[in-house]
There are 2 protein chains.
Amino acid sequence: MPEKSAKRLPGRPRQADTDTTIHQTIISAAAALFKEYGYESVSLQQIGNQCGVSKQTIYYHFASKPELFKVSMTTMLHNIRTVTARLLDEADHLEQGLLRLAEARLANPHAEIVTMMREAEKFLEEGQIRSIREAEQDIHDLLADYFRLGMNQQQLREEDPLFLAETFSTLMLMGNRDNASGKYESPLFLGQKLVALFLQGAKAT
Amino acid sequence: MPEKSAKRLPGRPRQADTDTTIHQTIISAAAALFKEYGYESVSLQQIGNQCGVSKQTIYYHFASKPELFKVSMTTMLHNIRTVTARLLDEADHLEQGLLRLAEARLANPHAEIVTMMREAEKFLEEGQIRSIREAEQDIHDLLADYFRLGMNQQQLREEDPLFLAETFSTLMLMGNRDNASGKYESPLFLGQKLVALFLQGAKAT
């Protein structure tokens with residue numbers, strides 16, 4: 001009964017499912033390790049150990065370490081974009097959206113990505129760098145659209161919305177300051193101060 | 001005539017002077033190389049080659065690579081503090097001081113120091129990290145004093161002056177964005193936009 005033996009056992013995932021799961025697991029492990037230790041000092045062996053697969057399995061899924069880095073960074077940035085969109089969509093007004101966004105970003109600083117990129121860049125191909133930059137730019141574009149809306153509704157003064165988006169994102173690097181966590185009571189408190197300054201600085205007069 | 005032969009030749013510096021010069025030259029070369037390539041990938045040999053002295057000479061002046069890193073970073077930060085103080089002192093009013101400071105910082109981004117520190121930290125002793133942090137804090141304190149003055153003169157609203165100092169410094173990281181140099185016409189133009197937003201956000205109402 002060859003047909004029966006070929007049938008999947010109950011609960012056993014299809015090969016494609018397993019592949020997808022392994023693929024995602026490798027990406028998550030890679031992103032976490034790169035974020036913690038930087039690009040150069042993390043080996044594919046360590047990433048494999050972290051998620052219980054061999055180096056060969058990683059090479060089956062990703063052509064190279066720079067390629068895995070690119071995919072893990074763009075995946076992380078796409079997730080940040082998705083969360084950002086949801087936080088802004090669910091807010092009742094501009095200030096609330098920015099407060100929620102600030103709280104989320106300050107608690108989980110994006111600055112590690114900046115540091116990682118600077119360190120990793122010399123090992124990446126131009127196309128890989130561009131992919132990561134584009135994923136970063138997508139987040140700025142989303143925020144710029146939100147600010148453009150605020151201008152149309154006369155809540156913000158006329159200004160380059162992309163400048164405002166990049167300025168807001170840069171302010172969120174305050175969450176990264178080693179001293180900040182102790183100096184400001186909480187990400188929420190720091191977020192309130194930053195959003196207040198930013199909104200007063202950008203509001204329609 | 002032993003006395004005569006021991007006399008310095010005209011134009012030949014005293015040993016102490018030479019030592020000071022070599023000391024400064026090593027610090028400058030180290031700071032430049034660390035800034036360009038990061039902590040780990042720069043060797044004392046390279047620093048020696050850069051300024052034409054042997055590794056032994058470096059060890060005569062500095063106990064270790066982490067120690068040389070500490071001294072080159074704190075020296076750089078002290079220089080930044082001196083320039084900052086001069087720019088603010090020479091300005092006719094708050095806005096002008098901030099504009100000059102912004103232009104200087106955006107053209108010569110401080111963010112490399114942040115990246116370097118993150119990379120170097122695992123190689124440094126606690127006391128060395130603290131020295132660098134304190135030199136950084138001195139710059140924030142200077143700026144905070146300037147903002148305190150602005151509050152006393154009712155130009156700025158009452159706010160934690162150190163928060164304003166750190167926020168302003170964080171905004172200066174915009175100069176580091178790889179895309180910024182092309183996107184904004186010049187450091188002056190970007191500085192004007194940032195100072196305008198910051199001052200409107202922080203001004204007395």
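A:His61 sits in helix H4 of chain A, which covers residues 55-61. The model described here is predicted. With a relative accessibility of 16%, A:His61 counts as buried, the cut-off for this class being under 20%. The side chain of A:His61 makes a polar contact of 3.2 Å with that of A:His23. Once neighbours within four places in sequence are set aside, the residues in contact with A:His61 are A:Asp19, A:Ile22, A:His23 and A:Ile26.

The contact between the copies can be described next. In chain A, 40 residues are in contact with 39 residues of chain B. Of the interface residues of chain A, 98% are also interface residues in chain B, so the copies meet through the same surface. About 3300 Å² is buried between chain A and chain B, and carbon and sulfur atoms give 52% of this area.

Specific pairings also cross this boundary. Two salt bridges are found across the interface of chain A and chain B. One of them joins B:Lys193 to A:Glu159, with the closest N and O atoms 2.7 Å apart. Three residue pairs in polar contact, both residues being at pLDDT 80 or more, are found across the interface as well. On the side of chain A that touches chain B, at least two residues each come from helix H2 (15-37), helix H7 (111-120), helix H8 (126-152), helix H9 (161-171) and helix H11 (187-202). H11(A) supplies the largest share of this side, with eight residues. By class, the residues of chain A that touch chain B comprise 14 nonpolar, eleven polar and 15 charged.

Side chains of opposite charge can pair when their charged atoms come close. Over all chains, the count of salt bridges comes to 14. In chain B, the side chains of B:Glu67 and B:Lys70 form one with an N to O distance of 3.0 Å. Both B:Glu67 and B:Lys70 belong to helix H5 (residues 65-90) of chain B, where they are three residues apart, about one turn of the helix. B:Glu67 is partly exposed at 22% relative accessibility, whereas B:Lys70 is buried at 17%.

A further salt bridge links B:Arg133 and B:Glu121, at 2.6 Å from N to O. B:Arg133 lies in helix H8 (residues 126-152) of chain B and B:Glu121 in the loop between helix H7 (111-120) and H8, so this pair ties together parts that are twelve residues apart in sequence. B:Arg133 is partly exposed, with a relative accessible area of 26%, and B:Glu121 is also partly exposed, at 25%.

The side chains of B:Glu159 and B:Arg157 meet in a salt bridge too, with 3.3 Å from N to O. B:Glu159 counts as buried at 13% relative accessibility, and B:Arg157 is buried with a relative accessible area of 19%. In chain A, salt bridges that share partners join A:Glu121, A:Arg133 and A:Glu136 into one network.

Key
Residues numbered from 1 in each chain as written. Chains lettered and ligands numbered in written order. Predicted model: local features only at pLDDT ≥ 70, side-chain atom pairs only at ≥ 80, totals over all residues. Heavy atoms only, no water. Contact = heavy atoms within 4.5 Å. Buried area = accessible area lost by both parts, 1.4 Å probe. Salt bridge = Lys/Arg side-chain N within 4 Å of Asp/Glu carboxyl O. Polar contact = N/O pair within 3.5 Å; in protein donor to acceptor, adjacent residues only side chain to side chain. Helix = DSSP H or I, 4+ residues; strand = E, 2+ residues; numbered from the N terminus. Nonpolar A, V, L, I, M, F, W, Y, C, P; charged D, E, K, R; others polar. Buried < 20%, exposed > 50% of the residue type's maximum accessible area, 1.4 Å probe, protein only.
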